[in-house]
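This briefing covers a loop residue, aromatic pairs and charges over rings. The structure comes next, followed by notes grouped by topic.

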Amino acid sequence: MIVRTLCIAALAATGLAAAAPDAAAAEPPRRGFAVVRSGAVVDSMRQAGSWPDGLKVEATPGGPGQVFVRFPQIGMATGGVAHVTAISQSADWCQVQGWWQSGADEIVAVQCHRYGVGPIASWFSVTFGYSAQYLPAPQAFGYVHWDGSAVAARFNSSAPTAVNTAEPLTAPGTWRVTLPGLGSAGHAGNIQVTAVDSAVPARCKLGGWSATTAAQSIVVRCYDATGTSLNTGWSLTYHRERAITWTPQPYRFAYTFDNAPDTSGVYVPTPYPVSHNSQSGGVQLSRPAVARKQVIFGGLNGYRDNVQVTAFGYGSEFCNLFAPWESYPAYVSIRYVTCYNGAVQVDHPAMITYVAR
C-alpha cells in the first residue's frame, strides 16, 4: 500500500513524465524490459536489463487495470522512452501513464483497457530505455517523447547536432516526426509507438512513413477509447540493425513489418530492409486465419526476451499479442499478432520487434 501511494503521488505530481529534451552524453545507456501478468505478477523468465545480476523487476497494482513497474538500478531523473503492448485474446490495449525515478530505480506506470469495456487487468510486455551513444551507419537509433505539448525527450544516434523534431499537423491527434541523419534509401528498420497519457484512455500508432537518405519522416496518429482522434502524449522509437532497447552483445534481436497482412500462406515482407535478424536466421510470416499473424524469427531463442507491436495505417485500428511468444532451440514463434477495428478482429499492417538476452 505504501509503494502504491508513493507511485500515485509521483504520477499526480509529474503528470506526463517531464524530461529534458536532449539526452545527456555523460549518462550511460540504460535499458529494461519485462512481461507482467494479471495481478501484477512479473514473469521471472521474461525480464532483463542493465542492472546487476540478481536484481528483479517488481510490479505493484494500482487502480483498475493499472500497474506500476519498477525497474531496478536504472533510474533516470529525466529522459528515456517507454513502450508497452497488451497480451490478450480480447480487444485490449495498454498505454503508458508516465515514468519517473524512485531512488535508484525507474518506475513505469501502465494502464490497460478493453475496447467497449474500460480498464482491465491485462497481461502486457513493457520496455524502458535511455540512450546516449552514437552509431556508425547503417545502424541507426532514435527516439522522441512528446509530452502532449512539446518534445520532452529525444535522442539521435547519428551525431550530437542531429535534432529530432515533432510537429503537430492540422488534423487532431496527428504529428509528423523527423529524424535527421537516420535516413535510408527506402524503407528500412522498425518503428514502435506508444500512447503516454496519465488522464484519459489513449492509444497511438504509425500513420505514415517515408524515408530519404537524409531523414526518416514518420506520422503518428492517436485516438481515444472510442477511436476518435485525440491530442495526447506518446513515445516513438526508430531502430535499424539495432535492438529497440539499445542492447549490446550478447543480446539478440529481430524485427519485421507485416505490410501485407492479408497475404495467404508464408511470406517475407518486402523491401528486405524492413526485416532484420541479428543471428542471420531469417524472418518468416504466415496467416493461418483472419487476424492471426504468426511471426518466426529463425536462429533466435532465449528465456529473457521481449516483444513489442505497433499498428500501421490511417484508421483507429490497434494490435496486440494474442499470447506470449514461444522459444524453441532453433527459432522464436510469435503466435499471434492480432489486430482490431473496435472489438472486431481484422487483418491490419503492424510492426513487430523482438529482443532477447
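Ser275 lies in the loop that runs between strand E19 (265-267) and strand E20 (276-277); strands (E, at least two residues) are DSSP runs, numbered from the N terminus. The model is predicted: local features need pLDDT of at least 70, side-chain atom pairs count only at pLDDT 80 or more, and totals for chains, interfaces and linings use all residues. Residues are numbered from 1 along each chain as its sequence is written, and side-chain values use heavy atoms, with hydrogens and water left out.

**Ser275**
- Ser275 has a relative accessible area of 3%, so it counts as buried (under 20% relative accessible area, 1.4 Å probe, protein chains only).
- Leaving aside residues up to four places away in sequence, Ser275 touches Tyr255, Thr256, Phe257, Pro269 and Val283 (contact means heavy atoms within 4.5 Å).

**Aromatic pairs**
- Rings of Phe, Tyr and Trp (its six-membered ring) pair if their centres lie within 6.5 Å, and planes under 30 degrees apart count as stacked.
- The count by this rule is 18 aromatic pairs.
- Phe318 and Tyr340 form a stacked pair, at 5.6 Å centre to centre and with 20° between the planes.
- Phe318 is in strand E24 (residues 318-321) and Tyr340 in strand E26 (residues 331-341), so this pair ties together parts 22 residues apart in sequence.
- Both Phe318 and Tyr340 are buried.
- One aromatic cluster is formed by Tyr134, Phe141, Tyr143, Phe155 and Trp246.

**Charges over rings**
- A charge sits over a ring if NZ of Lys or CZ of Arg is within 6 Å of the ring centre and within 35 degrees of the ring normal.
- The charged end of Arg46 sits over the ring of Trp325, 4.9 Å from its centre.
- Over the ring of Trp93 sits the charged end of Arg203, 4.7 Å from the ring centre.

Methods:
Rings of Phe, Tyr and Trp (its six-membered ring) pair if their centres lie within 6.5 Å; planes under 30 degrees apart count as stacked, over 60 as edge-to-face and the rest as tilted. Helices (H or I, at least four residues) and strands (E, at least two) are DSSP runs, numbered from the N terminus. Buried means under 20% relative accessible area, exposed over 50%, partly exposed in between (1.4 Å probe, protein chains only).
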